[in-house]
Amino acid sequence: MYNDLLNGLYSYVENEYSSKVDGFTYYAVVNNLFFKTISSRPYLISNLSDIILNRNLTRIKTEKSADLCYKIFNDFDIPITEYKLYLAVTVALGAETELILNINDGKLKMTYDKLAKTTNKLLFTMLKIKESEIKVIISDSTKISDTINVDLILEYLISSYSWLQS
């Protein structure tokens, strides 16, 4: 299911925005839309919570996220080694997991939009992107994400993945 969501969001952004943004912004938009979509439906948040509570599923989530990130960076000819990217994704998603657990437990007051920005910033910091560039990436990706209606994303995803119809 997680892989379907990632692939569906990737395809959605590919169809709508790939020629309008650079690779880092593209990745950040996908990540923003992931959390925008997940947080729009309680059953999707529940599914994500189930994933992050299971070590084997968390490993798959990290691998799938790294694969997607690597694909995006390759598509945009961003030179990065798989090792460096996997390390950055692992650290960013580890932090993301802990933040989600604390949000769901009520121990942390953070919106999922803020979580997406935090995860993006951590990933780009781990990739040694300059702070000034990270600010632009996050600003640009937020502007794009904020213009997209989550219901349109869900319609697109439901048309591709029948399990989302519940």
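This is a predicted model: local features need pLDDT of at least 70, side-chain atom pairs count only at pLDDT 80 or more; totals for chains, interfaces and linings use all residues.
Residues are numbered from 1 along each chain as its sequence is written. Local features need pLDDT of at least 70 and side-chain atom pairs count only at pLDDT 80 or more, while totals for chains, interfaces and linings use all residues, and side-chain values use heavy atoms, with hydrogens and water left out.

Let's start with the count: there are two cavities of 30 Å³ or more. A cavity here is a set of points, on a 1 Å grid over the protein atoms alone, where a 1.4 Å probe fits but cannot get out; lining residues have an atom within 4 Å of a point. Points are joined across faces, edges and corners, and the volume is the space filled by probe spheres set on them.

The largest cavity comes in at about 100 Å³. Its lining includes Tyr 2, Tyr 27, Phe 34, Lys 61 and Glu 96. Two or more residues each come from α1 (2–17), α2 (23–38), α4 (55–75) and α5 (82–104), with α2 giving the largest share, five. Helices are DSSP runs (H or I, at least four residues), numbered from the N terminus. By class, the lining has eight nonpolar, two polar and two charged residues (nonpolar: Ala, Val, Leu, Ile, Met, Phe, Trp, Tyr, Cys and Pro; charged: Asp, Glu, Lys and Arg; polar: the others, Gly among them).

On to the second largest cavity, about 60 Å³ in volume. Met 1, Tyr 2, Phe 34, Asn 47 and Trp 163 are among the residues lining it. Here α1, α2 and α3 (42–52) give two or more residues, and α3 gives the most, with four. This lining has nine nonpolar residues, one polar and no charged ones.

Methods
On a 1 Å grid over the protein atoms alone, a cavity is a set of points where a 1.4 Å probe fits but cannot get out, and a pocket is an open set with protein on both sides within 12 Å along at least five of seven lines; lining residues have an atom within 4 Å of a point.
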